[in-house]
Amino acid sequence: MRRRPETPVPSLPIQLTSFIGRSADVAAVTSLLDEARLVTLTGPGGAGKTRLADQVARARADTFPDGVWWVELSEITNEADVVEALATTLGIALAPAPDALRSLTTQLAGLQALVCLDNAEHLVDSVATLTDAVLRTGLTPKLLVTSREPLGVPGEIVWRVPPLDDEDAVRLFVERARAIRPSFALDPPSEAAVRSIAVHLDGIPLALELAAGWLSTLSPQQILAGLDDRFRLLVRGPRGAQRRQQTLAGSIGWSHALLDPIDRAVFRRLAVFGGTFGLDAALTMGAGDPVPAGEVLAALGRLVDKSLVMADAHGGTTRYRLLETIRGYAAARLTEAQESVAIRDRHLAWCLAFAENAEAELERDLDTWRALIEPEHANLRAALEWGLQASDPEPGRRLAASLAWTWHLDRRGREGLAALRAAVARAPDDRSVTQARLLTGIALVTDSADPLDREYDAADRALALATELDDEGLRALCLALKAVGAFYTDFDEAWTLCDAAIVAAEASDHGFARAGARALQAIILQLRDQHEAAAKAAEEALPVLLRRHRGVAATLLAFRAEGLLAVGDVPGARATAQEATRIAAPLGDYLRVGAARSTTALIQGLTGDLDGAIALLEPDLQLIDDTAEAPWAPGLARTMGILCLHRGDAAAAVTWFAREAHSTDRTTRTWLAARSLPGLASALIASGTPTEAAAILDAARTTAHHFAMPSPTAETLDAQAALAGDAGKALELYQRALAERAEYGLWGSVPGSLEWVAVTGARIRPSVEQVRLLGAADAARLSLELPRGAQHNAAIEVREVLEAGLGADEFADAWVEGQRMTLGEAVALARRSRGQRVRPSTGWASLTPTEHQVAVLVAEGLTNPQIGARLFMSLGTVKTHLAHIFTKLSISNRTELATLAANSPTKPA
């Protein structure tokens, strides 16, 4: 039998609404039809199987000379009627039973057509028999089937229809909404609601269309609120739709009605899972009257086949899940069966055993433990909520104690703190190990979620109970956590607590507590600019941390990168920051990733790419701006302040520095404040508010002194110098800042310090010394890859003034001499001019410090070349200094100079 090509699509259903999205699915199924003769589209009710099949059929219609034929099976209830339904659609006369199938296949010979069998799930056996017969006889028609479960015949290719992606789901909702309200358009509030609706409804087209149908009565926000009881809300389908497609419950109920009692029991019990679940958990939940333990696996397989359970294979294992909509339906059936309490208790017991057994891995390898725990997070959360509400809270309390590290490591820390505090509150007077672990957990989670004003006291409370219980391992961890709490306000106390934690850790073989305490000591050394000692301590801690706590390792490396930047090792700083980011990135831990990214951005910005640095921080800034409770991100605000000040945006710098400049812990200023207060003062000065800056500087000076932190001390001196009304006083302060930096080897900031000394000295009395200092600073910036920021632009202006005042030749000579100097030599030169002030124009007291040095060396009998070598000067510069000396002293030769030097005790200031 062959149909005429003039009627290629004689039987496709008429579609009254547009087809939205799924271009990739259409392409994929079309490709499968090129390769196979039988393709079955499976998926849960309402997933869009029929519309996808229709779209594929229309797309392929021109390629089938004998047309595309659509057979609707939903209204057929008798298995024997399937063959007749196909024959009727194709206009084929059948022989009487039992020869009907054979006569059908005989007449299909040579038919080049696509046959679509829609809604086959309730007739699987008959449809399987029919399609198998077609395939085995080698007939040419291709078969496209939609069903909630596969047919299971040889040669079948199964395509599981996925939910709509978020964008297509929103498009579908809007399209259907406009059919009801033509003026409907998304604005920010309604768009947020529609996107949430799409997520809550799992991207199921039927559910989205039913929800959109309420737009005549409700707003998107009201529809979203109503989804808490979605099966009551989503009950109004379009007239003319099949009865089972007119409500969401009806659609799922159609599949549920096809299950046998064992499958129904397993299905409803799986509703207890909050997210995905593994096979072991499914077997445990599913067993029990009327389901023998040995039948659960087979039942699970049938539920997957019927698209009521999704199976996702990844990394050699399969995890299962119920779409949220289907889980809601199953949960209602669980309640109807009066099994809810028993199954939830069983689920809690399974989760507790799982979490406690996994703790053995926690002691060996934190990453491996986390990989075990993370997939079960939603289940553990659901079990914990149930357990903490139970009349006997002990299983829930034990589960909370086992999960503390989970909350410590991820961004759900505040959720964890609430759970841990609730667990403690269920037995506030308990003095057991469980209570000690819960208290330690609060300190542990507070450490990464919200430490200020909380961590120290929480750790102290946990330490007291751990000591009472004589649990040395728990004591070691509590001491380390208390040290972190003390660290924000008192480095010395923190150091002492670290020493105690190391002793307790060694006694109990607690590797992490020991390495964590040593890492904290490395960070303290770093913040005090004792960089060699910090590097040694970090090297001692890192090997253990990389295995036991990659997050702390990443934080330590981020601090080390900033230390390398401070000492002028930019390549080392860049490489270390990149390593910190590499280690932190897989953790998804905002604190660790944010710290590494903040340091990387600081290095990137200070080496010249300010726009790129700020762009790198954009995800962190967005999270802070969009989150009611901003995540703990120490150092980020200071980094942004530095970058803004460097680019000349003083107002923005003030805003950012202020975020951490007022940081306190238990009413005491923190080291975060110590590092940000000088920057805030400098930004206030740059923005034209010196009075406010002066008030800030008192706090900056005392806080930097309290923590014994050289870098903030030097930065405070810089800001004080900028406010000094007297140039001589300003120069003295800049000199002190330079000395502080040089003493601690802070070569990364020495070029800027040299520039301030030169700029201020030039304002007092221009000389070649300032030119040399500027030349040395310029050469150092180039060598260190640390270009000048906007706050140091005065160096450019003074350079032009000096060149005009000294003359091009003398300036050029001095500039070249400066560029040849090392930073150490430039610091020595700057120190020789320390104390420069307005001098008399003649006499011994009129000599500059450099001129005085030249005079002394002449008196000692050195030649001009020898003086030049001693003072890093060219021969021409020595001659120039001698000319100035002879003029000021009213003498004409070296002999007279030697005589005056021997008889004059006066030295220039």
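Which residues is lysine 482 in contact with, leaving aside its neighbours within four places in sequence? I looked that up before anything else. Lysine 482 touches Tyr456, Ala459, Asp460, Leu463 and Leu497, where contact means heavy atoms within 4.5 Å.

Ground rules, for my own use. This is a predicted model, in which local features need pLDDT of at least 70 and side-chain atom pairs count only at pLDDT 80 or more, while totals for chains, interfaces and linings use all residues. Residues are numbered from 1 along each chain as its sequence is written, and side-chain values use heavy atoms, with hydrogens and water left out.

**Lysine 482, continued.** I placed lysine 482 in helix α24, residues 472-487. Helices (H or I, at least four residues) and strands (E, at least two) are DSSP runs, numbered from the N terminus. Lysine 482 counts as buried because its relative accessibility is 11%; buried means under 20% relative accessible area, exposed over 50%, and partly exposed in between (1.4 Å probe, protein chains only).

**Aspartate 132.** I found this one in helix α5, residues 124-136. Aspartate 132 is buried too, at 18% relative accessibility. Not counting residues up to four places away in sequence, aspartate 132 touches Val153 and Pro154.

**The sheet.** I traced five parallel strands in an open sheet, ordered β2-β3-β4-β1-β5; two strands pair if DSSP finds at least two bridges between them. β2 (68-72) and β5 (156-160) are at the edges with a single partner strand each, so one side of each has no neighbour in the sheet. On average, neighbouring strands are turned by 20° against each other, direction ignored. Axes here are lines fitted to C-alpha atoms, for helices over the stretch in contact, and angles run from 0 to 180 degrees between N-to-C directions.

I then checked β3 (residues 114-118) and β4 (residues 142-147), which run parallel and are joined by four bridges. Valine 115 has leucine 143 in β4 as its bridge partner. Helix α2 (residues 49-60) packs on the sheet, touching β1 (38-42), β2, β3, β4 and β5, and its direction makes about 160° with that of β4.

**The largest cavity.** I noted that its lining has 35 residues, with Tyr488, Ile523, Thr555, Phe559 and Arg592 nearest the centre. A cavity is a set of points on a 1 Å grid over the protein atoms alone where a 1.4 Å probe fits but cannot get out, and lining residues have an atom within 4 Å of a point. Helix α24 is among those supplying at least two residues of this lining.

How values were computed: On a 1 Å grid over the protein atoms alone, a cavity is a set of points where a 1.4 Å probe fits but cannot get out, and a pocket is an open set with protein on both sides within 12 Å along at least five of seven lines; lining residues have an atom within 4 Å of a point.
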